[in-house]
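I opened the notebook to write down what I looked up, one topic per entry. The structure goes in first.

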Number of protein chains: 2
Amino acid sequence: MDLNYHSKLLEAAVSEFSRLPGIGRKTALRLVLHLLKQEKGDAEALGNAIIRLCNEVKQCAVCMNISDNETCPICTDSSRDHSIICVVESIRDILVIENTRQFKGVYHVLSGIISPMDGIGPGDLTIPALDERLKQGGVKELILALSATLEGDTTNFYLYRKFHSPDLIMTTLARGVSVGDELEYTDEITLGRSILNRIPFEVKSEK
Amino acid sequence: MDLNYHSKLLEAAVSEFSRLPGIGRKTALRLVLHLLKQEKGDAEALGNAIIRLCNEVKQCAVCMNISDNETCPICTDSSRDHSIICVVESIRDILVIENTRQFKGVYHVLSGIISPMDGIGPGDLTIPALDERLKQGGVKELILALSATLEGDTTNFYLYRKFHSPDLIMTTLARGVSVGDELEYTDEITLGRSILNRIPFEVKSEK
């Protein structure tokens, strides 16, 4: 649909919206017309939030998470266990893991994953910064929480080769049947691994 | 999903995005993280396009279409037939009709439709401005191009009662079977109307 918008301003806004992932020109037009119908302040708030985000957001100097300050609230939180670092691919993974409320250590964002197909090598990631953190000492465990893909496994292997030492426990996320999944619909590789890595059966006391 | 974003800036941007129609907090987060990955200029361009749109876009003084200037390009186009006014509900309808390239008259945007259920009466629409245009003379035909809904029919009837005169042809869009539709799947009311309003069969010369 290549519409004539009769307004350069409308056309510019639709073009910019349609560059977002998953938003085509039709959806972009719908969003822009919605903004036009709103109070002027509402639409401006969106514009300003985007501009402020781009101009003011910082990268945490320690873990590379995004942050409003030099260091992110997770790295400055003294109640967290700074001896356990969970290595993740992106900021998004931190949000997801934090949401589980099961992890009280700190993070390190690799800002990507080794993927020769996409031309991403170890040099494109924040591995030197992680090296620096480990050299400062005090870290007991490195949890490799990357995707269960070929690229994730490659990166895990690279990190293991680089950082393994008798003083550092290196772990990775448990692979297995998802909670709530029926065995019938679990893929063979996952099911196979979950048999190999079977764990002692525990009866949890119900609350 | 009520995430702790660890960044007020990120949270503000996600909140603003999630106020858009059809965009939940998950999608909003995906869009915002996408913007963060882009070059700073790209994301700023979106923010600026939104702010400029809200602050600089005008309503055409004649037809109420949106416009970069006082009068929109359609109303200022002397090659168009200003004696035929097509009455539409919203700006979006103008875009759709223009896209058919079948209409060379001008428009009038009602900015809504009479809908007692939503508390929208004739007084909330741009009917006085349309009255003014008709009183200035020179208009031969008024095409009522509103939705084929109860509200559309109510508005059509209201406009007919208000404006009908021997000097003004009032027409509405043809209702009938959609081009490409199979009869089997056409609803009964549409099919019934298309039989009542049948048109002479024409053999069109193929190019």
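**Entry 1. Between the chains**

I looked up how much area chain A and chain B bury between them, and in this predicted model the figure is about 5,200 Å². Carbon and sulfur atoms carry 73% of that area. I noted that the size of an interface is often given this way, as the accessible area lost when the parts come together. On the chain A side, A:His6, A:Leu9 and A:Leu95 lose the most area to chain B, and together they make up 14% of what that side buries. I also looked up the contacts: 53 residues of chain A touch 53 residues of chain B.

**Entry 2. Helix α5 of chain A**

A:Leu95 sent me to helix α5(A), where A:Leu95 is listed as buried together with A:Ile91, A:Ile94, A:Ile97 and A:Glu98. What do these buried residues pack against? In chain A I found β2 (66–67), α4 (73–76), β3 and β4, and in chain B I found α2 (25–37). The helix covers residues 91–100 and lies across β3 (81–88) and β4 of chain A, at about 160° to β4(A). After α5(A) comes A:Arg101, with a positive phi near 55°.

**Entry 3. The sheet of chain A**

I wrote down the strand order as β4-β3-β5-β6 in chain A, an open sheet of 4 strands with parallel pairing. Its edge strands are β4 (105–109) and β6 (169–172), and each of them pairs on one side only. Neighbouring strands are turned by 25° against each other on average, direction ignored. For the record, strands of a sheet pair through backbone hydrogen bonds, either parallel or antiparallel.

I then picked one pair of strands. Strand β5(A), residues 141–144, is joined to β6(A) by 4 bridges in the parallel sense. One partner I looked up was that of A:Leu142, which is A:Met170 in β6(A).

**Entry 4. Helix α7 of chain A**

I checked the length of α7(A), residues 150–163. At 1.5 Å a residue, its 14 residues should span 20 Å, and the end C-alpha atoms are 20 Å apart, so the two agree.

Which residues of α7(A) are buried? They are A:Gly152, A:Thr155, A:Asn156, A:Leu159 and A:Phe163. Seen down the helix axis they fall within an arc of 105°, so they line one face of α7(A). I wrote the general rule beside this: an α-helix has 3.6 residues a turn, so residues three or four places apart point the same way. The buried residues of α7(A) pack against β3, α6, β5 and β6 of chain A. On the other side of the helix, A:Leu150, A:Phe157 and A:Arg161 are exposed.

**Entry 5. Ser111 in both chains**

Most residues other than glycine have a negative phi. A:Ser111 is not a glycine, yet its phi is positive, near 60°. Where is A:Ser111 found? I found A:Ser111 in the loop between β4 and α6 of chain A. Its relative accessible area is 41%, so A:Ser111 is partly exposed.

B:Ser111 has a positive phi of about 60°, and B:Ser111 lies in the loop between β4 (105–109) and α6 (127–135) of chain B. At 40% relative accessibility, B:Ser111 counts as partly exposed.

**Entry 6. The sheet of chain B**

In chain B I found an open sheet of 4 parallel strands, in the order β4-β3-β5-β6. Strands β4 and β6 (169–172) stand at its edges with a single partner each, so one side of each has no neighbour in the sheet. Strands β3 (residues 81–88) and β5 (residues 141–144) of chain B run parallel and are joined by 4 bridges. Across this pair, B:Val87 has B:Leu144 as its bridge partner in β5(B). Helix α6(B) packs on the sheet and touches β3, β4 and β5 of chain B, at about 150° to β4(B). Helix α7(B), residues 150–163, also packs on the sheet, touching β3, β5 and β6 of chain B, and makes about 175° with β6(B).

**Entry 7. B:Thr172**

Is B:Thr172 buried or partly exposed? Its relative accessibility is 45%, so B:Thr172 counts as partly exposed. Leaving out residues up to four places away in sequence, B:Thr172 touches B:Leu144 and B:Asn156. I also noted a distance: the C-alpha atoms of B:Thr172 and B:Leu35 are separated by 45 Å, and the two residues are 137 apart along the chain.

Terms used
Residues numbered from 1 in each chain as written. Chains lettered and ligands numbered in written order. Predicted model: local features only at pLDDT ≥ 70, side-chain atom pairs only at ≥ 80, totals over all residues. Heavy atoms only, no water. Pairing = 2+ DSSP bridges. Helix = DSSP H or I, 4+ residues; strand = E, 2+ residues; numbered from the N terminus. Axes fitted to C-alpha atoms, helices over the stretch in contact; angles between N-to-C directions. Contact = heavy atoms within 4.5 Å. Expected span 1.5 Å × (residues − 1). Buried < 20%, exposed > 50% of the residue type's maximum accessible area, 1.4 Å probe, protein only. Arc of directions from axis to C-beta. Buried area = accessible area lost by both parts, 1.4 Å probe.
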